Each structure stands twice: as C-alpha cells, then as structure tokens.
Amino acid sequence: MSTPTPPAASAYSRTNPFPAKMTENYPLTKPGSNKETRHMVINIDGSGYTYTVGDSLAVYPRNRPEIVDQIIEILGFDANEIIPLQGGAQKTLKAALTENFALNRVNKKFVRLHVEKLPDGDFKDKLSIILADETELENFVYSRDYIDVLIEFPGGKWTAADFVATLMRSNPRLYSIASSPDAHPGEVHLTVAVVQYTTHNRKKYGLASGFLANNVTLGENNVLTYITPTKHFHLPPGDTPLIMVGPGTGIAPFRAFLEQREFNGDKGKNWLFFGDQRRSTDFLYEEQFENWLKTGLLTKLTTAFSRDQAEKIYVQHRMIQEGAELWQWLQEGAYFCVCGDAKHMAKDVNKALIEIARAHGGYSEEEATKYIEVTLAKTEKRYLKDVY
Ligand SMILES: Cc1cc2nc3c(=O)[nH]c(=O)nc-3n(C[C@H](O)[C@H](O)[C@H](O)COP(=O)(O)OP(=O)(O)OC[C@H]3O[C@@H](n4cnc5c(N)ncnc54)[C@H](O)[C@@H]3O)c2cc1C
C-alpha cells in the first residue's frame, strides 16, 4: 500500500499572502436588524493552502478609495509621489495609503504633530488644549479619523513623507473559518460582522470588515490572505458528544464543525447554543441549522434572542435553564466549545458552566470552579475556547 503524500506546503504565507478571489458576499442578517453580518465565500484555488475546521483566515485590509483620495486632496499631495516603505520597498503615495496603513482611526502621534503644523490661531489653541489632557486626547482620537481632524483643524502643512511617517501599519485581521474544506473544496467561508458607526457626521467602517463588505470586487484575485492554523480549537473525535456555544459571529467555526461531522458521518451527538438580538432578523444560518435539526445531525438547537422579550436572555441563561441535561452530556464525555466575544460572553458562559457544575454536580463553588477551569479545561482538554 502506498503512503499518501502530504500536501505540499504552500508558497504563500503571512509575508507573501495569497491574492484570493471573493465569489459571494451576502447578508445573513435581515432588513430591520441593528447589525450587518455577512456570509462571504473566498476562493483559495491556486494558493496551495490547506486548512482544518477551527482554523482562521487572515485578511490584509485596504482603505476605502474615497478616504485615500480625500486625504490626498485635503493635504494637497501628489497621488503618484513615490514613498519609501520599510524593508526598502517603495510605492506611489496612493498605493501606500490604500494598502499599508490604517486610515480609519486617527492616532495620537499624528495629532501631536498636526498641532505644530497649524498656523497660530484658534484652531491651534483649541487643539493644544485637547493635547494637554491625556483623557481628552484619548476621547478625541477614539471617535475621529484623519479626515475628521483635517476638516475640524484645517491649515496644517504636511509633506507626504512626514504624514506617512505618523501612520499606523494596517495589520491583518483574523476570521474564524465557517466552512469545512471537505464540504467546500477550494473555498473558505467567513461570517463577518461589519463594524460601522457614525461620528462627527461621517459614516465610519471597521478597516477589514468594511473592506470585505463594501470594497472587494467579486471574481477578482484581490483579497490578500493567509491561513492561521488553530493551536487548540480542534473538532473532537467523531463519536464524542459536542456542545457548542456560538452567539453572533461565534457561530462561524461551529458551522464548519457541523459540516465536517456531516461529511465524516460522525456519530457523536451535537448540541448548538446560538444567540443574537432578534430571531426575525438575526438568526444566522437559520435554514441550515433547522435543516440539520431535521436530519438529526444536530441533536439539540437552543437559541437565546436577547431582545425578543422584556428581559434580556443570553446563551448563558439558556445553559443554566438546560443545566441538568448539559451536565449529563459533560458526564458522557462531551466537549464544550465556546466561540465569540471574549469581553463579556465568554466570561458569562464560564460562570454559567461553574454554576451548572455546582447545581448538578453537587460541588461547592470552589470545587465547581476547579472542575471546570482545571479538570475539564486543562487536564481533560474538553473545554475549548476561540474567543476574541
Ligand atoms: C481568532 C479570531 C477570530 C475572529 N473571527 C471573527 C469572525 O468569525 N467574524 C468576525 O466578524 N470577526 C472575527 N474576529 C474579529 C476580527 O478579526 C476583527 O477584529 C473585526 O472584524 C473588526 O475589525 P475591523 O478591521 O473591521 O475593525 P477595526 O478597524 O479594527 O475597528 C474596530 C474598532 O472600532 C471601534 N469602534 C467600534 N464602534 C465604534 C464607535 N461607535 N465609535 C468609535 N469607535 C468605534 C472599536 O474601538 C473597535 O475596536 C476574530 C478575531 C480573532 C482574533
């Protein structure tokens, strides 16, 4: 019997990202939602990339053309001026501003130099007062981009090279892969929440999510990407019960897990907790999950729509309500996986797990905490997190 040849390592990487092609980009949220979350299909044919469910795709963002053009116009720059970049590379100013730097939020370094470049007068005085107070400066930069500052405090004289030297590099953003490579060969699916807000009467977008949602032409090889393999967020063995808690975009890797389990014909039970604001507008992948419930791939689907009733109900509340059964699954060897918001959700889910171990496992608070955070998470490695 011949040994299978391992896939050749890709020639592409973080330092040499693959120009991938977006082929689909459509909203998962419905009209009337407070959010905009989109499904995107990225074709990685020709990249040599291989991935497993649980991995992420990194995307190099680009600034919106109108932002780049407006900055060049306000500052009176020549778009074709050649700008030296780190590592000896050089580009036109327009290309450098588009590809290399984050222009969606102003930084303090720029503001501190801008005040020196302003002619004497009210604008300079006002900005000096803001700069004298660190808290005010924090608040000032939080809600503004470069154009806001250039409009509010006009008249600063910059050279293109000095301006570029103040800018922050545009870093790649990670997105949990929402597809199984076996179910969708040559493709990576993403579930992207589009960051958007209006400040100082101008609409702002998150650098990468705004780029992916609004500025990628379908069918062109123009999304620079690389795969970030997960270290620990792996699909458990096929016969193991699996509990997945993935509210909002946290659903992404669980769509991939379930597609993979379906492809493999895995027999392990699957229980998904999903939550968002409203069932009518925010139930991401509703049809696919309802269908998996019918086919039996999903053993249980428990939802928490926080704004569908007077009191806010989140996934952790549903976990507590279903505590006896959830505890039973854990006793049967289930893996517990959580993905999504690290700031609040993952902490509340952790607390709920401890509460369940206390209420149904007969542990004291201290023993329950030890069971969840040490035994389940570290010793048995059955509590996996992909939170951000
Ligand atoms: C492992 C991992 C997996 C991830 N998976 C996913 C995923 O599957 N789907 C997904 O959508 N994201 C995912 N993310 C998050 C993603 O990487 C980006 O952080 C996210 O898309 C925002 O990036 P952005 O460039 O669009 O926004 P940025 O340009 O980084 O802007 C975001 C910032 O905008 C600021 N902001 C927001 N609202 C306001 C406001 N009203 N006023 C002023 N400032 C404001 C906030 O400070 C916020 O931090 C993941 C992250 C990690 C680390």
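**Domains, sheets and ligand shell of a predicted model**

The protein chain is divided into domain 1 (18-60 + 172-228), domain 2 (65-166) and domain 3 (242-387). The model is predicted. Between the C-alpha centres of domain 2 and domain 3 the distance is 45 Å.

- Six strands make up an open sheet with antiparallel pairing, and their order is 6-3-10-1-2-7.
- Strand 6 and strand 7 each have a single partner strand, so one side of each has no neighbour in the sheet; these two strands stand at the edges.
- From one strand to the next, the twist averages 40°.
- Within this sheet, strand 1 (residues 18-27) pairs with strand 2 (residues 37-43) over six bridges, in the antiparallel sense.
- N25 has M40 of strand 2 opposite it.
- Helix 8 packs on the sheet and touches strand 2, strand 3 (56-59), strand 6 and strand 7. The direction of helix 8 makes about 115° with that of strand 7.

- Strand 12 (residues 270-276) and strand 13 run parallel and are joined by six bridges.
- L272 stands opposite L301, a residue of strand 13.
- As background to both sheets, strands pair through backbone hydrogen bonds, and the pairing is either parallel or antiparallel.

**A pair of helices**

- The axes of helix 13 (residues 323-331) and helix 14 (residues 345-361) come within 9 Å of each other and cross at roughly 90°.
- Angles of 65 to 115 degrees count as roughly perpendicular, and helix 13 and helix 14 are therefore roughly perpendicular to each other.
- On the helix 13 side, the residues in the contact are G323, A324, L326 and W327; they meet I356, A359, H360 and G361 in helix 14.
- Sorted by class, this contact has five nonpolar residues, three polar residues and no charged ones.

**Around the ligand**

- There are 23 residues around the ligand, and Y197, G206, A208, S209 and Y388 come nearest.
- By class, the shell divides into twelve nonpolar residues, ten polar residues and one charged residue.
- Strand 6 (173-176), strand 7 (187-193), strand 8 (196-199) and helix 8 (207-214) each supply at least two residues of the shell.
- Domain 1 and domain 2 each give at least three residues to the shell around the ligand.

Conventions. Residues are numbered from 1 along each chain as its sequence is written. This is a predicted model: local features need pLDDT of at least 70, side-chain atom pairs count only at pLDDT 80 or more; totals for chains, interfaces and linings use all residues. Axes are lines fitted to C-alpha atoms, for helices over the stretch in contact, and angles run from 0 to 180 degrees between N-to-C directions. Helices (H or I, at least four residues) and strands (E, at least two) are DSSP runs, numbered from the N terminus. Angles under 35 degrees count as roughly parallel, over 145 as roughly antiparallel, 65 to 115 as roughly perpendicular and the rest as oblique. Two residues are in contact if their C-beta atoms, placed from the backbone, lie within 7 Å. Ala, Val, Leu, Ile, Met, Phe, Trp, Tyr, Cys and Pro count as nonpolar, Asp, Glu, Lys and Arg as charged, and the others, Gly among them, as polar. Domain bounds come from an automatic or database domain assignment. Two strands pair if DSSP finds at least two bridges between them. A residue is near a molecule or strand if its C-beta atom, placed from the backbone, lies within 6 Å of it.
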